[in-house]
Protein chains: 2
Amino acid sequence: MKPVERLIAALKRLPGIGPKQAERLTIHLLRAPRAEVESLADALREAVETVRRCARCGDFTDRELCRICADPGRDQALICVVEEPQDVAALDRTHAFRGLYHVLHGALSPLDGIGPEKIRARELVERVRASNGAVKEVVLATDPDTEGEATALYLAQQLKGLPVKVTRIAHGVPLGGDLDYLDERTLSHALSGRREV
Amino acid sequence: MKPVERLIAALKRLPGIGPKQAERLTIHLLRAPRAEVESLADALREAVETVRRCARCGDFTDRELCRICADPGRDQALICVVEEPQDVAALDRTHAFRGLYHVLHGALSPLDGIGPEKIRARELVERVRASNGAVKEVVLATDPDTEGEATALYLAQQLKGLPVKVTRIAHGVPLGGDLDYLDERTLSHALSGRREV
């Protein structure tokens, strides 16, 4: 394969990038300053060579422990469980949570052959057990879809019997949204989860 | 910057890739087999190191002359002028054109500061003149928008006086389309360009 076609093919393999966009990206890169393309190639190499999973929470990091797990200022008694690394980034941007995270790298999905052994479920139970009561609460922040709900249910069952409080993040009407544009399931969740003001 | 953030930043600089997609692509690449990421990095490096512009038509290639210009089986009397390298790929896939191409790498756009000297216009006139009458026809296949039309008009003027026929690709109703979904300019083009059957 010629260099141009090889680059188009390599970009086309990325998720969410179709043949047209791969072609357009390639033309852009061929016209871009050489340093820009080289810095992308370097970033790719550096990432595969240095990035691994945090030994505690499973998030991507270039150290043994990630930035959050290594921070003594974080509340060690609180673990927020999420499906993906980008969920950690999104939640941490809010500054509303000062505890630690646990990244499952997936959610239960029997139809896709993803059982508990494929996500970091056992590691969570082990982590809580090994803390000898130091972890006081596990917040289940898996996605509000079928797989996320099933995963939260499964994890809650697995944690039962350990001296830890298990909670689920609140579901309801997102702020700034229009009520009449919301789907019925979110609205019914918001109603059944209503609180006295 | 950390390796993960550096890769997100490098991907975000690409056109049409927003912060969310850059994050998602990074997570994908960190989970992908190392060989896949390395082949993308290699393709990038190989492209910047080996790809240049064809000395005749200006299309991207890794040789002195591109595949089409170097092919003696192509009709040397016919040059199809396009704005971008991907237009060559699109037109050549049709197998309806067996001549040569000329890539302008842009279109006239005075508002964006793109004048004739920024596109390969002079090179086209030189190429036709230097052929000493061997080039019989120049097909202007610039885009059917304001910039493309202005570019076609400019090139036609520049080629006037040379012993070459200058034509413009036909505009009209695309095959397989629904008449009532087409814009009025295309429809009026299709009407004014009607031919006897």
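The domain assignment of chain A in this predicted model gives domain 1, made of residues 9-17 together with 24-50, and domain 2, spanning 74-168. Between the C-alpha centres of domain 1 of chain A and domain 2 of chain A the separation is 34 Å. Chain A is also in contact with chain B, with 49 residues taking part from chain B and 49 from chain A, and the area buried between chain B and chain A comes to about 4,700 Å².

**The interface of chain B and chain A**

- Carbon and sulfur atoms give 63% of the area of about 4,700 Å² that is buried between chain B and chain A.
- Ten salt bridges are found across the interface of chain B and chain A, and eleven residue pairs are counted in polar contact between these chains, with both residues of each pair at pLDDT 80 or more.
- On the side of chain B that touches chain A, the elements that give two or more residues are α1 (3-12), α2 (19-31), α3 (34-50) and α4 (85-93) of chain B.
- The largest share of that side of chain B comes from α3(B), which provides 16 residues.
- By residue class, the side of chain B that touches chain A divides into 23 nonpolar, seven polar and 19 charged residues.

- Side chains of opposite charge can pair when their charged atoms come close.
- The side chains of B:Arg31 and A:Glu84 meet in a salt bridge with an N to O distance of 2.5 Å, and the pair crosses between chains from helix α2 of chain B, which holds B:Arg31, to the loop between β3 and α4 (85-93) of chain A, which holds A:Glu84.
- B:Arg31 counts as partly exposed at 36% relative accessibility, whereas A:Glu84 is buried at 18%, a value that falls under the 20% limit and therefore places A:Glu84 in the buried class.

**A salt bridge within chain A**

- A:Arg52 forms a salt bridge with A:Glu64, and the closest N and O atoms of the two are 3.8 Å apart.
- This pair links distant parts of the chain, twelve residues apart, with A:Arg52 in strand β1 (residues 52-53) and A:Glu64 in the loop between β2 (60-61) and β3 (75-82) of chain A.
- A:Arg52 is partly exposed, with a relative accessible area of 41%, and A:Glu64 is also partly exposed, at 48%.

**The surroundings of A:His102**

- A:His102 lies in strand β4 (residues 99-103) of chain A and is buried, with a relative accessible area of 0%.
- Polar atoms of the A:His102 side chain come within reach of the backbone at two places: the backbone oxygen of A:Arg120 lies 2.9 Å from one such atom, and the backbone nitrogen of A:Leu124 lies 3.5 Å from one.
- When neighbours within four places in sequence are left aside, the residues in contact with A:His102 are A:Arg56, A:Cys57, A:Ile79, A:Cys80, A:Val81, A:Val82, A:Arg120, A:Glu123, A:Leu124 and A:Arg127.

**Residues with positive phi**

- Most residues other than glycine have a negative phi.
- A:Asn132, although not a glycine, has a positive phi of about 55 degrees, and A:Asn132 is found in the loop between α5 (121-130) and β5 (137-140) of chain A.
- B:His105, also a residue other than glycine, has a positive phi near 55 degrees and lies in the loop between β4 (99-103) and α5 (121-130) of chain B.
- A:Asn132 is exposed, with a relative accessible area of 72%, whereas B:His105 counts as buried at 11% relative accessibility.

Note on methods
Residues numbered from 1 in each chain as written. Chains lettered and ligands numbered in written order. Predicted model: local features only at pLDDT ≥ 70, side-chain atom pairs only at ≥ 80, totals over all residues. Heavy atoms only, no water. Helix = DSSP H or I, 4+ residues; strand = E, 2+ residues; numbered from the N terminus. Buried < 20%, exposed > 50% of the residue type's maximum accessible area, 1.4 Å probe, protein only. Polar contact = N/O pair within 3.5 Å; in protein donor to acceptor, adjacent residues only side chain to side chain. Contact = heavy atoms within 4.5 Å. Domains from an automatic or database assignment. Buried area = accessible area lost by both parts, 1.4 Å probe. Salt bridge = Lys/Arg side-chain N within 4 Å of Asp/Glu carboxyl O. Nonpolar A, V, L, I, M, F, W, Y, C, P; charged D, E, K, R; others polar.
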